[in-house]
Amino acid sequence: MSDIVEKTLTALPGLFLQNQSVGGPAGVKASFSSRLGGLVRGITALTSKHEEEKLIQQELSNLKATVSAPTTTLKMMKECMVRLIYCEMLGYDASFGYIHAIKLAQQGNLLEKRVGYLAVSLFLHESHELLLLLVNTVVKDLQSTNLVEVCMALTIVSQIFPREMIPAVLPLIEDKLQHSKEIIRRKAVLALYKFHLIAPNQVQHIHIKFRKALCDRDVGVMAASLHIYFRMIKENSSGYKDLTGSFVTILKQVVGGKLPVDFNYHSVPAPWLQIQLLRILGLLGKDDQRTSELMYDVLDESLRRAELNHNVTYAILFECVHTVYSIYPKSELLEKAAKCIGKFVLSPKINLKYLGLKALTYVIQQDPTLALQHQMTIIECLDHPDPIIKRETLELLYRITNAQNITVIVQKMLEYLHQSKEEYIIVNLVGKIADVLVLNTVDTYAPDNAWFIQTMNAVFSVGGDVMHPDIPNNFLRLLAEGFDDETEDQQLRLYAVQSYLTLLDVENVFYPQKFLQVMSWVLGEYSYLLDKDTPEEVLTKLYKLLMNDSVSSETKAWLIAAVTKLTPQAHSSNIVERLIQEFTISLDTCMRQHAFELKHLRENLELMKSLLPVDKSCEDMVVDASLSFLDGFVAEELSQGAAPYKPHHQRQEEKLSQEKVLNFEPYGLSFSSSGFTGRQSPAGISLGSDLSGNSAETGLKETNSLKLEGIKKLWGKEGYLPKKEGKTGDETEALPVPQESIIMENVDQTITKKDQCQVLTQSKEEKEKQLLASSLFVGLGSESTINLLGKADTVSHKFRRKSKVKETKSGETSSAHNITCSYFSSSSNATYEDDYYLDTLQDREDKELNKFSLNSELLDSESLTELPSVEKLSNCKLSSPSLFTDNNMEGFHPSQPTAPSVANETSLASSLLEETSEHMHSDLVEVCHNETISMSSYKIWKDDCLLMVWSVSNKSGLELKSANLEIAPAEYFKITEQPGCCLPVIEAESIKTFQYNVQMEKPFTDGNLTGFINYQMMDTHSVQLEFSVNLSLLDFIRPLKISTENFGKLWLSFANDVKQNVKVSESQAALSSALKTLQQKLRLHVVEIIGNEGLLACQLLPSIPCLLHFRVHGDVLALWFRSSCSSLPDYLLYQCQKVMEGS
Amino acid sequence: MQFMLLFSRQGKLRLQKWYVPLSDKEKKKITRELVQTVLARKPKMCSFLEWRDLKIVYKRYASLYFCCAIEDQDNELITLEIIHRYVELLDKYFGSVCELDIIFNFEKAYFILDEFLLGGEVQETSKKNVLKAIEQADLLQEGGAEAEGERESLKQTPY
């Protein structure tokens, strides 16, 4: 059919060729409208790529002359733009026209402007510098009274807009949200969506307006707002749970056909809207029973209504199934969803079959029986002619791999691997094979040594150098660390050695470099296991490889290391000698060094043997880090008058001080971030201690102990995290067992029945398939379900990795941790926090204070702090309203549900507050609760960090076990656990606290920190509660106390600045009141006030300084921020504007 | 959606819209690879492709391939319907659209696309509303779509 098109096109080249000679601005105007047509026809007439290029180059040079000629009218320009777009689409560079596209958008009439904007959107990208020139045009058009112009401006903004210019158009676009035309409102919402994607903090303050858009009377506007909500909920679902009801209602209306008929698509009501809502509900209901319960009805209805046999209903069904399996499970719905999946899988339409497999892959871990139901279809798909179907099937099988079916599944994967050529697929698949082959898990499913090594050989040969570097590393570690059984391990290693030697015997085969590296390591370590092959033989093979030109120099380094290991074992060493001769003159310096090392080591065989012990790759080496064996040498040298050694930093300092002596004009001190902390901590300047009137000593102690924690945490994180993960994983997996096994028994019965009926009529081919099925799905039967979940020992688990490895590792870290403590010679301080916990516990009962005394205490501590309003500010204004509206600090109000918990909370708060009275802190706010526990949190603004304290009070009369608090890793925050965070037991009616140190990784306005707590009740039933806490930039800002002189120096050294004029009310116009606001609410340190100008300084923890210069003119406040960090001034300015407007 | 490409059975690009910022070099590479892969597929094969970490959803209408790239968690079937709705819109606007309409009036095809999808998300699903917006902007436009040679409707022959 397209041949016809082709013919049509070729028939018309004559037209164009006539026009071609007419170039330049003087070209005939009348022919302009068909110039594109001419170009298209001309191109089609050509036969070779070369001719096309020539033609287009000529066209482009004509265009270049035309667009830059002053006589070119805008109308002609519009025509030129269209042709330029066409040339760019064909892959030619038309960048000379970009600026003219912008001009056209700026100057043209409506039609020309439209083409100008289109060209801009197609030519430029977000960070193109020319885009800045468009901003003015956009601003002008946004203010236009012509609807079409406004629409065009909004359309371009929603596609590309420079991020830094958002403030210029934001107010205009916000206004458009109230526009009377729905199309304008809709586009404005989408423009804000774009802003949310590229600069989320810029649109934070208009979240409330998004809610308005969600309630818009126009369906289009409402649907557009869902894009924003989907994003925001994906980032932080806990903040929007209150909207669940609204989404459910909207979906009900849509499903019920309440929308205008316009929105129907093939008589299905607004499918896009339905799908978007389903996806949002899936996110909201995830792991949240209460929220999920709200949506069960509407999901049920959606499943029921979508019965029409059309693609679009299948799209909705698929999304429904996805949502049902994402949210808190409900068995009825799951049953219906499973039926739906069946419809997909069994459909003759290939697209639906694909999605069926995709859905199965998604749900298979929750419900392995589904795989059993569809096993025959899966087998068929495994040999499907379409590779995409095949691949999705493998993905599915990968999820159900277990000890019994691993050989078949891995074989299928390897088959696919051998056929595929695309690198991305190879890397992906090789990773999966390696994954099921143990490398990432504790147990392996591999049935025997030979199979394991051979499969790995295949993986290494095919995956070669593109695979993930972890794969060879993990494989080698596995070999070295071994499993429980030592003789097994030796056999495995021996087999590996033998297999590699055989592989190396084959002539003219090239193995990937990574594979050669693996071989050389294994041969170097484990060749001693061979009885007959003397090391000489292995050495010969290694030597051959070393002399091979196709081997990379990195691999050669591995090879020579292997040779070095084998040398002490060899009796005669002709080869080694030859090798040394060869490489001591090598041009590769690295190889030369290795050769020389080997040469010298060989001279002292005893030393060499002790240096390269056999089979000790897993033993830890004891290294004398203090180099004490050199003491004698040093003493001798010193006595002979050598200069004593000075560490690098000392020399540096001396050099610097010398420079100072020589210089008449002193240089400014270098104010690197480390310079700051260095200068600050010894002075013991801490806001808390200063203000509360404590002695400087406590301040010093604070800084010391806090610094120490920072170091400890680093170790703690590595040491403890993996353990915890394993535990939670087990718990969640263990739950669904009983239910599943029942279903599975049924299924098994039906399947066996079916089998019996079919036996007679089975053809040979079918028999094969059955056989394959039984081998693939063998692990999924009822008796082995537990096995699937990784618990049973019924099958031959050949390898079980030693658990000892992990233990020793954590041992190492803890000892390292001790070393660091003593190194800082203040271990007494290190236990400071622990003691304080103990105190809290012991004193708890004594301190069951009633709320009145606490209140007074609170007041006391407040009066001690300089800035009492900070905590209120951050609680009331910056925290997300949905979370805190009701619970704000009301732990102290009598309206709290249970009396004991009130008492507990207050006692806890009081004891903690006592300890932290020298620091400022926020109020205790409840973040989540259920019938058993109630969890509250508050912030302590320490001088060098933000300390988040979560306190869990057990309201029940039962003991809670393995309480565990986990904070989800957040993009902007670095979170480190304080000591004593994992609690094995929470006694009945008691309170425990968790403390986390939070640092801001990079500046931003505010964000949520989410996490969950889980614990076990007496009946081993595990419960998990989610919570989230809002953190603001201000939580991380501390005053920076510097002198005016230093301020001046710093000011000049900072490159990033932001200026802004802020209008303030009359009352604030006075310098002093503005100053007070800044000082109190932003925690800025007032450096000096000169006339109507003020200098202030602060730092973002840990030590990013930011300076503020401001001047008052009447009711305008000129703010000028500077910092070493590029984004910090912007954010501070934003906060500053907020407090100025707010007060 | 990450991007949308329209290309002919000969592998000639007819329309491209990128919703993610990529360099020209990358765009060219992606286009070349995808056109090759899609054209190599047989008619009975599935309309979805896994390509790098993206899903490609494509559909052929007469001699023209419509091809969209979405993320893995997006819904493939509804993307197919997005393509179909776009064809419907083109069809309604041009009146039984054919490849030639798109070649010679590709800027109109872009305008329609921008009213339907904005920034990679569905902007307006009501056919009436999309066309109303286009007509509003077209009001001042002189002349209509010119008819060229033999027309082969895209919509009448979906593959």
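# Exercises on a two-chain predicted model

In this model, 72 residues of chain B are in contact (heavy atoms within 4.5 Å) with 76 residues of chain A. The model is predicted, so local features need pLDDT of at least 70 and side-chain atom pairs count only at pLDDT 80 or more, while totals for chains, interfaces and linings use all residues. Residues are numbered from 1 along each chain as its sequence is written, chains are lettered from A and ligands numbered from 1 in the order in which they are written, and side-chain values use heavy atoms, with hydrogens and water left out.

## Exercise 1: the interface

Describe the area buried between chain B and chain A, and the residues on the side of chain B.

Step 1. Buried area is the accessible area (1.4 Å probe) that two parts lose on being put together, summed over both. Between chain B and chain A this comes to about 6,600 Å², and carbon and sulfur atoms give 57% of that area.

Step 2. Of the area that chain B buries against chain A, B:Glu50, B:Leu77 and B:Phe106 supply 10%, more than any other three residues.

Step 3. The rule finds 23 residue pairs in polar contact across this interface, both residues being at pLDDT 80 or more. A polar contact is a pair of N or O atoms within 3.5 Å; within protein, one must be able to donate a hydrogen and the other to accept it, and residues adjacent in sequence count only if both atoms are side-chain atoms.

Step 4. Several elements give two or more residues to the side of chain B that touches chain A, among them α1 (24-40), α2 (76-94) and α5 (127-138) of chain B. Helices (H or I, at least four residues) and strands (E, at least two) are DSSP runs, numbered from the N terminus. The largest share, 9 residues, comes from α2(B).

Step 5. By class, this side of chain B has 25 nonpolar, 16 polar and 31 charged residues. Here Ala, Val, Leu, Ile, Met, Phe, Trp, Tyr, Cys and Pro count as nonpolar, Asp, Glu, Lys and Arg as charged, and the others, Gly among them, as polar.

## Exercise 2: salt bridges

Step 1. A salt bridge is a side-chain nitrogen of Lys or Arg within 4 Å of a carboxyl oxygen of Asp or Glu.

Step 2. One pair between the chains is A:Lys358 with B:Glu76, whose closest N and O atoms are 2.8 Å apart.

Step 3. Within chain A, A:Arg211 pairs with A:Asp242 at 3.1 Å between the closest N and O atoms. A:Arg211 lies in helix α12 (residues 207-214) and A:Asp242 in the loop between α13 (219-235) and α14 (244-255), so the pair ties together parts that are 31 residues apart in sequence. For accessibility, buried means under 20% relative accessible area, exposed over 50%, and partly exposed in between (1.4 Å probe, protein chains only). A:Arg211 is partly exposed at 28%, and A:Asp242 is partly exposed at 44%.

Step 4. A:Glu525 and A:Lys565 form another salt bridge, with the closest N and O atoms 3.2 Å apart. This pair links distant parts of the chain, 40 residues apart: A:Glu525 is in helix α28 (residues 513-526) and A:Lys565 in helix α30 (residues 553-566). A:Glu525 is buried at 10%, and A:Lys565 is buried at 18%.

Step 5. In chain B, the side chains of B:Glu33 and B:Lys29 meet at 3.5 Å, N to O, in a salt bridge. Both residues lie in helix α1 of chain B, 4 residues apart, about one turn of the helix. B:Glu33 is partly exposed at 25%, as is B:Lys29 at 40%.
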